Amino acid sequence: PAGTTDGWKLVVRNTIDSSGVDHRHWTTSTMWVAGHLARTELSDPRMAGAGPEFALPIAIVNDSAHTMTFIVDRTRSASVTQLPAAPQIGRWNDTTSRFIVAPAMTMHDLGAGEPILGHPTHKYRITMSYVAQEPLMGLPCKRTVNSDETIWAATDLQREQNLRQYVRDSRPLTNVELGPVMDSLQRLRLHRERLINGLILRSATALTKPGSAVTVTTTLEVTELTHGPIPEAMFAVPAGYTTLPTPPRTASPAAESAARARIAARDSIIRTKVRAAVCEP
């Protein structure tokens, strides 16, 4: 399509730091948002030099038609997936989850914060703690969570609610059973978002694990935010690209079986590492 539409471009950088340069990792999302359309391009420095076959696809979401389109420039192709009208998160529907210590959240109003990208901000500090038991990768997992989060919200962008879901999803999950733990945490998160006036431009959360000297810090920061005309072609599959309703099947049954075996072996290693990092003995 020709022409332009009014919208926003924003660049969001997410960083995870578990103390030390060697343990720092980040991803950058570049997004164009116009009405019910959003285009996302994700970059990950770990993929640098991996070759074009590992390039991350471009994602285009149409909230009106409830579709997500993935565009792969290397193969000049696109695949379209139908999204549910309401989010479905069935994998969290577990009735055996429970709180050992109920969640407690405290919100502190820290007053005016420093300007970010030319926007005045208001600063908040949110602490949360709880002890829960949930299944993780098929086995029970006990987690003690103590988080301390600082937020900077742009006070002149309070009406840009459609951007909030792309910076940090604040849409309510209606008619979805998450299980006792996830459902309660989701309700707390939505309550927190309602108390924040404005678009979050930066947040930093410190997580500590009992018995560990390591503090994991996750940071979200909007590094670019502009408003203006966006080419409508950015929300469409480029001319000459092949559009398929579902991702094509390219491997033989034998190759798929071998791939599943490799994935199972990899998941076994990942399961051990993830449980050691997340769960308590």
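**Close-up views of ring contacts in a predicted model**

**View 1. The charged end of R202 over the ring of W152.** In this predicted model, R202 places its charged end over the W152 ring, at 5.1 Å from the ring centre. A charge sits over a ring if NZ of Lys or CZ of Arg is within 6 Å of the ring centre and within 35 degrees of the ring normal.

**View 2. R39 and the face of W32.** R39 lies over the face of W32, and the distance to the ring centre is 5.9 Å.

**View 3. The aromatic pair F99 and Y130.** The whole structure holds 1 aromatic pair (ring centres of Phe, Tyr or Trp, the last by its six-membered ring, within 6.5 Å; planes under 30 degrees apart are stacked, over 60 edge-to-face, the rest tilted). The ring centres of F99 and Y130 are 5.7 Å apart and the planes meet at 90°, so the pair is edge-to-face. F99 belongs to strand β7 (residues 98-116) and Y130 to strand β8 (residues 119-136), 31 residues apart; strands are DSSP runs of E, at least two residues, numbered from the N terminus. Y130 is buried at 7% relative accessible area, whereas F99, at 23%, is partly exposed (buried is under 20%, exposed over 50%, partly exposed in between; 1.4 Å probe, protein chains only).

**Notes.** Residues are numbered from 1 along each chain as its sequence is written, and side-chain values use heavy atoms, without hydrogens or water. Local features need pLDDT of at least 70 and side-chain atom pairs count only at pLDDT 80 or more, while totals for chains, interfaces and linings use all residues.

Key:
Helix = DSSP H or I, 4+ residues; strand = E, 2+ residues; numbered from the N terminus.
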